[in-house]
Every structure is written in C-alpha cells, then in structure tokens.
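Visitor: I'm new to this one and would like to learn how to read it. Could you show me the model and walk me through a few features?

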Amino acid sequence: MTDFKDRERGEESKFAFDQETEFKIAARRNRLLGEWAAGLMGLTEEETDAYKKAVVQADFEEAGDEDVVRKLLGDLTAAESDVSEADIRAKLEECSVEARRQFMSDQK
C-alpha cells in the first residue's frame, strides 16, 4: 500500500510540475507575441513593456489561445496594422516554439 501511495504522490508532483512549466512557457510566449505586436504598432519601450503584460493578462480570460488572438487582432486592427488573424496565429506558433526553446535553455 505504501508503494501505491508513493507512486500516487509522485504522479501528482509530476503533474503539478508539468502544469507550472506549461504556464511559464505560455506566459513567455505571450510576452514575445506582445513584443512583436507592439513593434507593429510602433509603441515606445515603456508602452511595449506595459503591452506585453497586458497580453499575458489577456490569456487569463478564458482557456485556450482565443482570448490572446482576439486581443491582438483588435489592438492591431485599431492601430491600422495590416495583420490578419492567420498572421497572428502563425506568429503565436512561432513564439510558442521560441518560448519553449528559451525556457529549456534557461533550465540548463
């Protein structure tokens, strides 16, 4: 019985660790995405920092990436940037790969 409890605790710890890792990668991805969008909108350095934080916050609205895509599309459209939803989704994937790479290299 002790072995089963130990294994159960180990699985719970691994799940929690995996969830935390995915959260950190998603936040990093959103910061990268916010920086990209801020560049397209011509924001200053201070405005860019604030915008990156706003993009990270937008991801807390609902599960998945739709809230982030919706925010970026609305902001970029309002700034009259010629960016489509497909462009944003492509950049989201690119930033996901880069965020994971950065996270893994930071762990070494």
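Visitor: Let's start with Asp-75. Where is the place of Asp-75?

Guide: This is a predicted model, so keep that in mind as we go. Asp-75 has its place in helix α3.

Visitor: Is Asp-75 buried, exposed or partly exposed?

Guide: Read the relative accessible area: under 20% is buried, over 50% is exposed, and anything in between is partly exposed. Asp-75 has a value of 23%, so it is partly exposed.

Visitor: What does Asp-75 touch?

Guide: Leaving out residues up to four places away in sequence, Asp-75 touches Met-41 and Tyr-51. Glu-20 is another matter to look at: it is 55 residues apart from Asp-75 along the chain, and their C-alpha atoms are separated by 29 Å.

Visitor: You mentioned Tyr-51. Where is the place of Tyr-51, and is Tyr-51 buried or exposed?

Guide: Tyr-51 belongs to helix α2. Its relative accessible area is 9%, so Tyr-51 is buried. Setting aside residues up to four places away in sequence, Tyr-51 touches Gly-34, Ala-37, Ala-38, Met-41, Leu-43, Lys-71, Leu-72 and Asp-75.

Visitor: Now the helices. How do I read a pair that packs together?

Guide: Two packed helices are described by the angle between their axes and the distance between the axes. Take α2 and α3: they pack at an angle of about 140 degrees, with axes 8 Å apart. That makes α2 oblique to α3.

Visitor: Which residues make the contact of α2 and α3?

Guide: From α2 come Tyr-51, Ala-54, Val-55 and Ala-58, and from α3 come Asp-67, Val-68, Lys-71, Leu-72 and Asp-75. By class, the contact of α2 with α3 has six nonpolar residues, no polar ones and three charged.

Visitor: At what angle do α1 and α2 pack?

Guide: Helix α1 (residues 2-41) and helix α2 (residues 45-58) pack at about 135 degrees, and their axes are 8 Å apart. The two are therefore oblique to each other, and the crossing of α1 and α2 is right-handed. On the α1 side, the contact is made by Ala-27, Asn-30, Arg-31, Gly-34, Glu-35, Ala-37, Ala-38 and Met-41. On the α2 side are Thr-48, Tyr-51, Lys-52, Val-55 and Val-56. The contact of α1 with α2 divides into seven nonpolar, three polar and three charged residues.

Visitor: Which residues of the largest nonpolar core touch the most other members?

Guide: That core has 14 residues, and those touching the most other members are Leu-33, Ala-37, Tyr-51, Leu-72, Leu-76 and Ile-88. At least two residues of this core come from each of α1, α2, α3 (66-78) and α4 (85-106).

Visitor: How about a charged residue, Arg-29: buried or exposed?

Guide: Arg-29 sits in helix α1. Its relative accessibility is 7%, so Arg-29 counts as buried. Apart from neighbours within four places in sequence, Arg-29 is in contact with Asp-59, Asp-65, Leu-92, Cys-95, Ser-96 and Ala-99.

Visitor: And Glu-80: where does it lie, and is it buried or exposed?

Guide: Glu-80 lies in the loop between α3 and α4. With 73% relative accessibility, Glu-80 counts as exposed. Look at its backbone too: Glu-80 is not a glycine, yet it has a positive phi of about 60 degrees.

Note on methods. Residues numbered from 1 in each chain as written. Predicted model: local features only at pLDDT ≥ 70, side-chain atom pairs only at ≥ 80, totals over all residues. Heavy atoms only, no water. Axes fitted to C-alpha atoms, helices over the stretch in contact; angles between N-to-C directions. Helix = DSSP H or I, 4+ residues; strand = E, 2+ residues; numbered from the N terminus. Parallel < 35°, antiparallel > 145°, perpendicular 65-115°, else oblique. Left-handed = near helix turned anticlockwise from the far one by under 90°. Contact = heavy atoms within 4.5 Å. Nonpolar A, V, L, I, M, F, W, Y, C, P; charged D, E, K, R; others polar. Core = buried A, V, L, I, M, F, W, Y, C linked by side-chain atoms within 4.5 Å. Buried < 20%, exposed > 50% of the residue type's maximum accessible area, 1.4 Å probe, protein only.
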